[in-house]
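Please read these notes with the sequence and the model side by side.

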Amino acid sequence: MILVTGSTGKVGQQLVAALKTKGAAFKALARSEASFKALTALGVETVKGDLGDPASMKAALQGVDKLFLLSSASHFDRLEIGAIDAARAAGVKHVVKLSTGGAGGDSPNPLLRAHARAERALEDSGLAFTILRPTFFMQNWVAFFSQGIKAGQPVYVNAGEGRLAWIDTRDVAGVATAALTEPGHEGFVYDLTGPEALSYGEVAARLGKLLGRDVAYVPVPDSAAFQAMKGMGMDSWYAYGMVTLHQGVRRGMAEPTTGTVELVTSGAPRSIDAFLKESLGAFM
């Protein structure tokens, strides 16, 4: 039995769909009543729980031998380390953790350091593990920019002209599905990218061509990006993390591509062009 955390997020919802298609035995963890209702409406076995609530995690982990671990909360490493401890106590055999590209304890980025702390705790736990380190999601274009693009506004990011090896969350979920349902993935750290590295400006130009109108990208200073994210309600820890992620993009840290998706799933990763064509209605 697999327990999926973060089951309504960008990767989690794709993983739930992939596990259903494969016929795997799994259940999803739902923190909110809305998430619980949404998942059960899909016919998914769902349990209420919170990574920060040890009692609820103890109950949710009953009968579970594999855990997909994902949290997007501020200072998520504390929650994930607690979940790793709960998994070990519950007799879980294998944890697949969603991390991120560039995770490292010496990074100036708080998000990357937090992922590194959780990765280290997992590696030291004695549990079998697989760590997934994807780069930036193609789906971010819909989640963060579609409403502004609909209104004719530019895309504002502090990424300069740095290129990113954009990945579709369905490909991340495909690798997670393989790691959770097939033997031979224990002990691996998978760096996951799409097939092509493109700057925000280059993606905006391709999207504009599909839409038949200009989609502008405006590189902004770090300070402007930080204040804009705080103005949208993001806490300072996460806002600083996002700003410094894009500083890394400017330094070329997100540009390298890997063949890991195809190596693990035997299928080529989706291209940004295919994603934009499929998602075009979100920008119109």
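1. What covers the buried residues of H6? The cover includes helix H1 (10–22), strand S7 (155–157), helix H8 (200–211) and helix H12 (272–278). Helices (H or I, at least four residues) and strands (E, at least two) are DSSP runs, numbered from the N terminus.

2. The model is predicted: local features need pLDDT of at least 70, side-chain atom pairs count only at pLDDT 80 or more, and totals for chains, interfaces and linings use all residues. Residues are numbered from 1 along each chain as its sequence is written, and side-chain values use heavy atoms, with hydrogens and water left out.

3. Helix H6 spans residues 140–150, and its buried residues are Asn140, Trp141, Phe145, Ser146, Gly148 and Ile149. Buried means under 20% relative accessible area, exposed over 50%, and partly exposed in between (1.4 Å probe, protein chains only). After H6 comes Gly152, with a positive phi near 80°.

4. The largest nonpolar core has 38 residues, and Trp141, Ile149, Val155, Trp166 and Tyr200 have the most contacts inside it. Such a core is a set of buried Ala, Val, Leu, Ile, Met, Phe, Trp, Tyr and Cys residues joined through side-chain atoms within 4.5 Å. H10 gives the most to this core, with seven residues.

5. Strand S6 (residues 128–134) pairs with S9 in the parallel sense over four bridges; pairing requires at least two DSSP bridges between the strands. Arg133 stands opposite Asp191 in S9.

How values were computed. Contact means heavy atoms within 4.5 Å.
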